[in-house]
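These notebook entries record what I looked up in one structure, entry by entry.

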Amino acid sequence: MSSFEELGLSPEILSAVKALGFDVPFPIQEAIIPLLWSGSDVIGQAHTGTGKTAAFGLPILEIVDEKNLNVQALVLVPTRELAMQVAGDINSYAKNTRKHALAIYGGQSIHAQIDALEDCPQIIAGTPGRILDHLERGSLHLKSVQCVVLDEADRMLDMGFIDDVERILQQTGRRQIAFFSATMPDEIRRLARRHMKNPREILIESEDLNVKEIKQYFCQADRDTKLDALLKILHDKNVQRVIVFCRTKRTTFWLSESLRRRHENATAINGDLSQNQRDRAMEGFRSGHSRILVATDLAGRGLDIDGVTHIINYDVPEEPLTYFHRIGRTGRAGKTGTAVTIVSGDQSADFRAIETMADYQIERLEIGKLERSAFTPRNERPERFHEGTRPRFNRAPYRHARHGRETPLRGIRGQSVAPIANLQP
């Protein structure tokens with residue numbers, strides 16, 4: 001397959017796809033679009049950044065009848081952000097048609113959503129809990145649904161949504177089903193067997209972690225010099241738009257505040273923020289108002305943000321697979337990207353587990369001498385703040401550096417060293 005024309009897309013949708021700059025379908029699109037369009041049930045194992053939203057969004061638009069004002073397609077997703085993204089992407093593909101998608105999720109006024117449903121969207125992208133709320137109120141009906149997609153199915157399982165998904169599927173009539181998941185745990189396969197008929201499986205081997213276009217580095221720092229290491233990385237001229245990942249919500253609040261106090265344009269996003277706060281944070285990052293997004297793993301799966309040049313792991317994730325989901329926010333859709341992981345002594349074992357899963361050595365990044373007190377006064381440590389609260393500083397950071405000990409930069413496994421000037425995306 002060499003082009004979207006050969007997939008048989010209608011002229012209106014093909015024109016929109018071309019306007020978005022898509023010329024050649026990605027492998028999952030080439031495999032999935034004909035299957036969904038033909039009516040087959042599909043199980044697709046795919047990591048983020050492979051183009052799977054278009055893989056199910058484009059055939060959904062071909063299936064939907066714009067003269068039918070009932071809901072004809074339902075996409076279930078685990079998070080509010082992903083619901084908005086999926087609906088937005090589908091609407092961008094449908095801009096030359098009279099078909100449209102609506103995002104439905106918790107944290108937004110249900111009455112505003114009821115009003116939006118009166119505009120007769122043919123496609124709904126939503127979180128299971130809020131979809132059930134509308135079904136129970138009678139503001140949403142699914143008997144005309146022809147296609148149901150579960151996106152990030154394994155994450156919905158992890159978040160405890162599978163029972164809600166079962167209840168929703170029981171309220172749909174005869175329909176086609178597609179599951180998309182980065183992994184395929186047994187519970188997802190059991191769910192598929194209960195609700196799917198002779199599904200076609202499009203599987204990407206789990207060892208293929210989809211990071212071929214991402215340059216990966218690590219540097220070492222202790223707890224008191226991690227912020228200094230982060231600042232040195234951020235000050236490299238090639239670091240343009242960056243997501244910094246932390247393990248805890250408390251650390252995201254502390255770190256974004258610490259960066260702002262040092263004149264870095266940073267904003268935090270995590271599950272303790274209200275929906276309006278999260279929307280503002282994401283819009284500020286997408287628009288370029290904020291160069292740095294400090295996030296928990298809430299943002300590590302599913303979000304597709306254009307122009308992210310670098311991913312920085314301020315904390316090493318506890319689960320190796322989470323590392324690959326995090327760094328997959330850059331190097332997307334054939335573009336290149338860079339990921340840097342700051343490894344402290346207590347997280348070295350977690351980092352080694354990542355290298356073991358990847359089956360290659362991650363290159364060590366030379367960032368020079370690290371200062372301690374100049375960047376991390378004792379009153380600015382994250383453990384001083386309670387989870388879910390913004391930090392409050394009692395005094396300004398030190399104006400003059402007081403040299404702490406230099407952190408040794410011995411490699412964890414790899415011996416090659418890259419200068420910080422090599423951080424081009």
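**Entry 1: terms and source.** Two strands pair if DSSP finds at least two bridges between them. Helices (H or I, at least four residues) and strands (E, at least two) are DSSP runs, numbered from the N terminus. I note that this is a predicted model, in which local features need pLDDT of at least 70 and side-chain atom pairs count only at pLDDT 80 or more, while totals for chains, interfaces and linings use all residues. Residues are numbered from 1 along each chain as its sequence is written, and side-chain values use heavy atoms, with hydrogens and water left out.

**Entry 2: strand E8.** I looked up the partners of E8. E8 pairs with strand E13 (residues 337–343) in the parallel sense, over seven bridges. In this pairing, Ile214 is opposite Gly337 of E13. E8 also runs parallel to strand E14 (residues 363–366), joined by two bridges, and here Tyr217 faces Glu363. I then asked how many residues of E8 are buried. Of the seven residues in E8 (residues 214–220), six are buried; buried means under 20% relative accessible area, exposed over 50%, and partly exposed in between (1.4 Å probe, protein chains only).

**Entry 3: the seven-stranded sheet.** I traced an open sheet of seven strands with parallel pairing, in the order E3-E4-E2-E5-E6-E1-E7. Strand E3 (101–104) and strand E7 (200–203) are the edges; each has a single partner strand, so one side of each has no neighbour in the sheet. On average, neighbouring strands of this sheet are turned by 15° against each other, direction ignored. Axes are lines fitted to C-alpha atoms, for helices over the stretch in contact, and angles run from 0 to 180 degrees between N-to-C directions.

**Entry 4: strand E5 and its neighbours.** E5 runs parallel to E2 over four bridges, with Leu74 as the bridge partner of Val148. Four bridges also join E5 to E6, again parallel, and Cys147 is opposite Gln176 of E6. In a regular strand the side chains alternate between the two faces of the sheet. In E5, Cys147 and Val149 point one way, Val148 and Leu150 point the other way, and all are buried. Further along the sheet, E1 (residues 42–45) and E6 (residues 176–181) pair in the parallel sense over four bridges, and Ile43 is opposite Phe179.

**Entry 5: helices.** Helix H8 (residues 162–170) lies across strand E2 (73–76), strand E5 (147–150) and E6, and runs at about 175° to E2. In helix H9 (residues 186–195), which residues are buried? They are Ile188, Leu191, Ala192 and His195. Seen down the axis of H9, they fall within an arc of 100°, so they line one face of the helix; the arc is that of the directions from the helix axis to the C-beta atoms. Asp186 and Arg193, on the other side of H9, are exposed.

**Entry 6: cores.** A nonpolar core is a set of buried Ala, Val, Leu, Ile, Met, Phe, Trp, Tyr and Cys residues joined through side-chain atoms within 4.5 Å. I found 39 residues in the largest nonpolar core, and Val75, Val86 and Val149 are among those with the most contacts inside it. Apart from it lies another core, of 30 residues, including Ile43, Leu102, Met184 and Ala192.

Entry 7: My search of the whole structure gave zero disulfides; a disulfide is a pair of cysteine sulfur atoms within 2.5 Å.

How values were computed: Contact means heavy atoms within 4.5 Å.
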